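Here is a short note for a colleague who is opening this structure for the first time. Please keep the view open while reading the points.

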Amino acid sequence: MNEQVFNYVSVPTKYIEIDGIRYAYRSLGKPAEVPIVCLQHFTGTLENWDPIIIDGLAKERQVILIDNTGVGNSGGKTPDNVLDMSKDAIKVINGLGIHLCDILGFSLGGFLAQAMVDLKPELFRKLIIVGTAPQGAKALYSFPQLVEKAFALEPKEQYLFVFATKSEKSRARIADTLNRLYIRAEGRDQNATMDAIKAQISALTRWGTDPVTIDLSKIAQPVLIVQGSNDEMMDSATSLDLYQKIPNAVLIYYPDSAHGSFNQYPELFVEQANSFLNKFE
């Protein structure tokens, strides 16, 4: 790992002010008419993207990564619901002068991707959603209890508890991911604050318990759905539900993997994601 050179770990953080709030973002890769915008998981900041994945995508396109409202180095108060989070993310995309983009949404970011394409479909060409679930997913009813169990562990075990299965192979690969997240030594994002975490817990829980408002059958864009075989947080079966309801979807399950499925198989994910973005219609 130490012999490999990662570009993402040295990309500077930039800022854009929208409606009096300063948002943090990073951008790398080849300038493109259709960049891919990346939205992160619960508690995740710009530092939680695996550099193997981001560098792999950036070899073929422009990649833009955003800290949404109140998260990481972005200002403002984190909304307690997905709809308002999605509206904020659209404001940032528009503020960056983007008129058409792809989306990579991981976990909570996948909720936002679904809501964003419902709010403003003309802004999005293709979606990749990883480790996520549709509105009304019953697994999210118990999300606060799962978080409480994870937060009781020491930091490394917190990460492994959520993102890996109990197998030695899965834990070793996710531990490697965790190591890569700390290669960047300078200019790091702030960790999510407790206020942001509480708001995100509310948003995640409400995504499961509030009335369903998004008609997945009306999503016209191609969608790549990636899931682990044993994602306790989202319930792996909910990805099949997404696949069955979205008309033009591709579904991939990775074996012996949990919530961090694409982190466990980063090279494979990059190959499949680039193929989907470049070729799938």
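Predicted model: local features only at pLDDT ≥ 70, side-chain atom pairs only at ≥ 80, totals over all residues.

## Spaces and helix packing

1. By class, the lining of the second largest cavity has six nonpolar and five charged residues, with no polar ones.

2. Now the cavity count. Two cavities reach 30 Å³ or more. The largest cavity has a volume of about 160 Å³. Its lining takes in 17 residues. Nearest the centre of the largest cavity are Q40, N68, V71, L108 and Q200.

3. What classes of residue line the largest cavity? Nine are polar, seven are nonpolar and one is charged. Helix 3, residues 108-119, supplies the largest share of this lining, with three residues.

4. Stay with helix 3. Helix 3 packs against helix 7, residues 194-209. The two axes lie 11 Å apart, at an angle of about 60°. Because of that angle, helix 3 counts as oblique to helix 7. Their crossing is left-handed.

5. Which residues make the contact between helix 3 and helix 7? On the side of helix 3 they are L108, F111 and Q114. On the side of helix 7 they are Q200, L204 and W207. The contact of helix 3 with helix 7 has four nonpolar and two polar residues, and no charged ones.

6. Turn to the open space. The largest pocket has a volume of about 730 Å³. It is lined by 27 residues, and T43, N48, Q158, Y159 and Y182 are the closest to its centre. Two elements give two or more residues to this lining: helix 4 (143-151) and helix 5 (155-163). Helix 5 gives the most, with six residues. The lining of the largest pocket divides into 15 nonpolar, eight polar and four charged residues.

7. Helix 5 also has a packing partner. Helix 5 and helix 6, residues 168-180, meet at an angle of about 125°, with axes 10 Å apart. Helix 5 and helix 6 are therefore oblique to each other. Helix 5 crosses helix 6 in a right-handed way.

8. Look at the residues of that contact. Helix 5 brings K156, E157, Y159, L160 and F163. Helix 6 brings R171, I174, A175, T177 and L178. Six residues of the contact of helix 5 with helix 6 are nonpolar, three are charged and one is polar. Y159 belongs to this contact, and Y159 is also among the residues closest to the centre of the largest pocket.

9. Is helix 1 roughly parallel or oblique to helix 10? The axes of helix 1 (residues 51-58) and helix 10 (residues 266-279) come within 9 Å and cross at roughly 30°. That crossing angle is why helix 1 is roughly parallel to helix 10. The crossing of helix 1 and helix 10 is right-handed.

10. Finish with the residues that join these two helices. From helix 1 come I52, I53, G56 and L57. From helix 10 come P266, E267, F269, V270, A273 and N274. In the contact of helix 1 with helix 10, seven residues are nonpolar, two are polar and one is charged.

Terms used. Residues numbered from 1 in each chain as written. Heavy atoms only, no water. 1 Å grid on protein atoms, 1.4 Å probe; cavity = no way out; pocket = protein on both sides within 12 Å on 5 of 7 lines; lining within 4 Å. Points joined across faces, edges and corners; volume = space filled by probe spheres on them. Helix = DSSP H or I, 4+ residues; strand = E, 2+ residues; numbered from the N terminus. Nonpolar A, V, L, I, M, F, W, Y, C, P; charged D, E, K, R; others polar. Axes fitted to C-alpha atoms, helices over the stretch in contact; angles between N-to-C directions. Parallel < 35°, antiparallel > 145°, perpendicular 65-115°, else oblique. Left-handed = near helix turned anticlockwise from the far one by under 90°. Contact = heavy atoms within 4.5 Å.
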